[in-house]
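Please open the model in a viewer and follow the selections below in order.

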There are 4 protein chains.
Amino acid sequence: MKIERYQIEEHNTNLSQDHKRRFEFLAQDISRAEEIIQKLIKFQIAIPSWALGTGGTRFGRFSGGGEPGNLEEKMEDIGLLHQLNQSSGAISLHIPWDIPENAQAVKALAAQYGLRFDAMNSNTFQDQPDQKLSYKFGSMQHVDKAVRKQAVDHNIEVIRHGIELGSKSLTVWLADGSCFPGQLNFRKAFENTLESLQEVYAALPDDWKVFVEYKAFEPNFYSTTVGDWGQSLLYANKLGPKAYTLVDLGHHLPNANIEQIVSLLLMEGKLGGFHFNDSKYGDDDLTAGSIKPYQLFLIFNELVAGMDAKGMDHATGLGWMIDASHNVKDPLEDLLQSVEAIMMAYAQALLVDADALERARQENDVVRCQEILQNAFRTDVRPLVAEARLRSNAAINPVQLFRELKVREKLIAERGVKTVATGL
Amino acid sequence: MKIERYQIEEHNTNLSQDHKRRFEFLAQDISRAEEIIQKLIKFQIAIPSWALGTGGTRFGRFSGGGEPGNLEEKMEDIGLLHQLNQSSGAISLHIPWDIPENAQAVKALAAQYGLRFDAMNSNTFQDQPDQKLSYKFGSMQHVDKAVRKQAVDHNIEVIRHGIELGSKSLTVWLADGSCFPGQLNFRKAFENTLESLQEVYAALPDDWKVFVEYKAFEPNFYSTTVGDWGQSLLYANKLGPKAYTLVDLGHHLPNANIEQIVSLLLMEGKLGGFHFNDSKYGDDDLTAGSIKPYQLFLIFNELVAGMDAKGMDHATGLGWMIDASHNVKDPLEDLLQSVEAIMMAYAQALLVDADALERARQENDVVRCQEILQNAFRTDVRPLVAEARLRSNAAINPVQLFRELKVREKLIAERGVKTVATGL
Amino acid sequence: MKIERYQIEEHNTNLSQDHKRRFEFLAQDISRAEEIIQKLIKFQIAIPSWALGTGGTRFGRFSGGGEPGNLEEKMEDIGLLHQLNQSSGAISLHIPWDIPENAQAVKALAAQYGLRFDAMNSNTFQDQPDQKLSYKFGSMQHVDKAVRKQAVDHNIEVIRHGIELGSKSLTVWLADGSCFPGQLNFRKAFENTLESLQEVYAALPDDWKVFVEYKAFEPNFYSTTVGDWGQSLLYANKLGPKAYTLVDLGHHLPNANIEQIVSLLLMEGKLGGFHFNDSKYGDDDLTAGSIKPYQLFLIFNELVAGMDAKGMDHATGLGWMIDASHNVKDPLEDLLQSVEAIMMAYAQALLVDADALERARQENDVVRCQEILQNAFRTDVRPLVAEARLRSNAAINPVQLFRELKVREKLIAERGVKTVATGL
Amino acid sequence: MKIERYQIEEHNTNLSQDHKRRFEFLAQDISRAEEIIQKLIKFQIAIPSWALGTGGTRFGRFSGGGEPGNLEEKMEDIGLLHQLNQSSGAISLHIPWDIPENAQAVKALAAQYGLRFDAMNSNTFQDQPDQKLSYKFGSMQHVDKAVRKQAVDHNIEVIRHGIELGSKSLTVWLADGSCFPGQLNFRKAFENTLESLQEVYAALPDDWKVFVEYKAFEPNFYSTTVGDWGQSLLYANKLGPKAYTLVDLGHHLPNANIEQIVSLLLMEGKLGGFHFNDSKYGDDDLTAGSIKPYQLFLIFNELVAGMDAKGMDHATGLGWMIDASHNVKDPLEDLLQSVEAIMMAYAQALLVDADALERARQENDVVRCQEILQNAFRTDVRPLVAEARLRSNAAINPVQLFRELKVREKLIAERGVKTVATGL
């Protein structure tokens, strides 16, 4: 399935009058509107290969139709998203599910869709059918050196695949931890994990980064061996300059102030990547911005401020990725909604009057500080984001066009009703 | 201190061109703009008498200047707020601190400020200097009947004061509970509390309501005898048709879905009142809408839908009150920000296309359901709320005018720098 | 696999001297030792059919060997447990996985193992291969009456199977809820669910009970339609005298005071059943007593006090069941540990000096209240529980004997290494 | 008030027969009983000067009688505790409340009571009557250098007092943080705080330590500038070898795995001190071991294992202190209960068979790991702890003797009924 250029243009023509009216009205109040639009155009959010099918829980999974069955179809799906919003121009692969049999062909296909290869993801939280040793009791933390070696080798293999495809980073998320008090020697688990990561780190090309992701709990329910940002930072500091912390919004204890964590990691020069999603209870993996959009804005406010303070380029300074699960929505529509929410939060953060904010802080004028942030957040930035899309030849309203073009129906026609995407 | 009519007009004149431009642009997209504005104008949020001074924690309190020292000054403060936003036309008294010595004079003063007397609040969570028996181990739950009687008598006295002033409701918040496992016989504590409430209920005039507020924890740290909405509803149902549950946003366990609670209480005909504030951790009593504005909108969405389903009048169907603490902001500015955030959430809820939402739900079109809510929330409704104020002769930008008129400076000049508001 | 009587006797003979010494030492300080032992002997905890295999999470499952492949093997497993501890004399079935093809044969087999059929469990949170309509958007809450009817019919069928086997209760756990704000009309979802439950209730034999289980979240991550004890109680009260609330320890928001909930439900005469497990973060489904053993004791303290106050028989007054998942332990060993922890908590609760506690409460002697509970909890009751087992011809140390007899190895020999238990 | 030696002996004589019977029975099963008793005897827990009066919340305080009104009376109170349990031989002072006017006299008095001076505590979370600049918007984080300097100077003064008294450490707990999004520049707040701490650090004698305490929230309700162990460790590492992290049990987000944090901080050589208390919701400051005694044991298990791994002396390797608030109990009885619970958790941790545990971990025998910990925890160690007291000439049952001797009544007779302890 392919969307034709004229179909997007037709859609935009239909909506352009209304859009133009709204955009122009908004733009007259925003002095830096052009600059913001350029930043929005440049900002790309990677889509992980596992997010294209219907997700599930331990209680079950209600798959939809037309889900991609292989890497080529996954790229096709992301290609469709990218055509619709021109903000999803990257794919994040999950090995072993996405091992490219012919790397050149896969690269050529990606180029055709306008996609680059974002961070590679290894997998040591499940046992594969042909796997020699089990990860039941962990991978890089394992008491058995042979299991650790297997996990290290797998990660090195993932790097190898990534090199072939032009990726420049590896994300390591370890499910390692324990389910019961006493199960683990926390210190040895840390040391084993560090040693394993060091071996992976040694195999990292000079121009690569490794992201050490942390998570408070699940699938282990008593402890996690990379459990919070403090632990991740310990590993990253001990590993060296190519190692960074990766923040996933859903991987925190209740009430955590994630924006502060983000700010401090940037201060330390150790924030590497970001996984977007939203949650109410745990790692719910809901659509970005669907539960706490103000928190998403506050996080972007710290990201923008922290990156600007370091002179980092917003688009390329960090690895940006969605990591959500779509249990009750069409996965592609869900991803479009996530990208939209992320772009809006970014746009709102760009609207913040940073100088005025700093002045208000200097005066301890808390009321004014709040007003400055809320003024940005309360602004209806949808026309700004839509204008960025329009200028990139994407659709003014991607979800609407997705439905008008009956994308899902066509994918079902091509791929069948009973499909289950590979990977988690 | 009094704000002159011309001062508000001058302020509005200065801002009116910009406002008009924004309002007219917005209004052209909202078919029911007029209806919404009328509802916004009618909607009044009561200010509790204890919210006018700087709040504190057990670790200390950093009082500001010009705080009101008696009931008359508290009414003066709320009168100022009401002049500025015309949305704060009610005061909620706290006995014993606000006992009116001359009810007629107090009523006359209130009328002058355009204020009515909202719910009366009793206090049995502190011991007063002249108090016979201590509430250290609870009031209505107490194992000693004499303590319970003292608490009941106090509540009946509060009702009596309320009758004199024209109030029509009593809010009972009990700090009763326990700090340690074993301390309480939960069932007897419930029964004692019920019996005490029944005695208060018996003293309630026919046209009065009693609101049974619940709270998960603090000041008791193991159990609370009216701890959640389920318990409050048990009491309210056992008490009778004049008894209702009151929801305070900060009184829940982490991650609670408050909007669902609100919806079910309305379904049961037992939601009576509402205390607005915001929180990140516990009963933080922060400015409404300062932490989770989307949650505030979702709650209003349920309030509007639920009240409409019962044919209830939005403005008078429930008791609306702010219950926040202002530890680092000017209390009056903080209250203006809270009212603004509440009005915005209400306006956004009124924008929701309820019919379209119900259709999307019927089709399990979750993506569309979300879009409908987000479309309302993402709309910049500030011009709508400002227009409602403008038509009520309030200020287009209340916080700005508060500062322009140097209200705080004048209050300090009148009342002094070293002031501590009475009441909590 | 069967454990021979002599094997248990041999084990007990080996341990009896030590046991006797400990038991006699303990017993001399406990005036009601005999009475407590008799209560422990009578107390039976049902094992759900889905708890016999290795559990998993959405991230994977690491199955062990020798897992039961059908109802007969599940009964065999529970029979083994019951031989070892004589406290697991009941099985709780999960339909559709455990549909008995020949009810009489199944009953005969159960009798042979000394098992009775505890509550029947329906399943509407997954789609079965041959199922006509999907539960993707709920079952009893569904907007489509046909889906609701399918769910009701399924529950009625479950009752029918239960009648054949001699069960006397139905547990309804609904995964119904929503993942996103806006998705559900909370009130209609409640009403649909109530209507569905009423239809099931109508099919309930006179001597049956129905347990309405609640859960705060998962698999739905925004709202659950039977989300807390307050909602469950609403349903139970509207349904009638045969309907009760069921409490599962893992189904609460963080920090919830579960023992108070238990106490109030008993007070209302509406506590029906109990699911034991433990958790640190969410519905972690860990071994009972492995994380918060003091909480387990406090809950039993309320259960004993509340049931005594109503004159209820401890063993038969409520439905007692384990509901845990065994991801990293041998499921049978895990269940033995859970039963042991439950028996200990029950024994400790029986040790509480209820009269002294009530007196201390009357005097608000909080220090003494705490000491009374802690005195019971700090007592090493393992000899008491072991004595109850010894007198029932069970093993003094069930886990030890399980290993000595190489039960798992024999089950693997019989059933194979690559097994996955049916059911969740 | 002084307890006479004969009074303790009389009490012990009365209880000794029962005690001896229990102790001897227990000791025969514990190979290292003598070693454990010696460790228990050496282990001393400091009492903070602010814990001797009735605590309160922002909602009020219900003071008891006979509370100490000055430093001398506070030392007298701790002297009484120490006589009763011989485990509370240290006092932790809070400046400005406990400024010693005559250090030599205070030292002499302390020596008389057998007390040493544990960590000194500075206070910058309240404004003192004579204070030049306000801490309303923080102290060491403050945007105004003059405020930071005032806070630094205060800490240096606290060190000076500590030197006079023979203390060897300073605990810095900062309430610094923010109540609203936007209020703080997180990075600048961190940098200001670091700079301030560096100035304090520079004034630290060579044989002193500084403990950087962290807290998730309260009194600030949006962010805390030393908010979690990760942040505290960042400061400690940047400060240098004399800087350590201090863990207070109540200062974490819901569900945090504190034992893992403790283990990792010990691994990093950066755990410095410990504040004991217990909590169900937030920083509830309840009696140690009153809510989650198993967690307390698990923490001690990590402390013992981690200190042993480093060859640290248990009694002197870390700073041990209670930090609780006594709102509904007699403060002295409450402290006796806390010390008892701490000693029990320590004794249980000493009972853990560390070698067997390590072997079980090596085999991933999770069931056995759990059994090893639970075997230790389920052991009734009260006779061990009592024996340690008996050998130290303390009371077998301190709370009982406290009551028999009518200590509180005598303190009231000496000091009066209406007393409010100074300090928080």
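Select chain D and chain B of this predicted model: together they bury about 3900 Å², 68% of it on carbon and sulfur atoms (accessible area, 1.4 Å probe, lost on being put together and summed over both). Within chain D, next pick R58(D), F59(D) and F62(D), which supply 23% of the area that chain D buries against chain B, more than any other three residues. The contact (heavy atoms within 4.5 Å) takes 44 residues from chain D and 44 residues from chain B.

Now display R58(D) with E218(B): their side chains form a salt bridge at 3.0 Å, N to O. Between chain D and chain B there are six salt bridges (a side-chain nitrogen of Lys or Arg within 4 Å of a carboxyl oxygen of Asp or Glu).

Leaving aside neighbours within four places in sequence, its contacts include I45(B), L249(B), W320(B) and I342(B).

Finally, select chain A and chain D. Superposed by least squares on the C-alpha atoms of residues with pLDDT of at least 70 in both, chain D can be laid on chain A with an RMSD of 0.0 Å by a turn of 180° and a shift of 0.0 Å along the axis. That is the relation of a two-fold axis. Centre on G230(D), whose C-alpha is the nearest to the axis in chain D, 2.1 Å from it.

Residues are numbered from 1 along each chain as its sequence is written, and chains are lettered from A and ligands numbered from 1 in the order in which they are written. Local features need pLDDT of at least 70, side-chain atom pairs count only at pLDDT 80 or more, and totals for chains, interfaces and linings use all residues, while side-chain values use heavy atoms, with hydrogens and water left out.

Definitions and conventions:
Buried area = accessible area lost by both parts, 1.4 Å probe.
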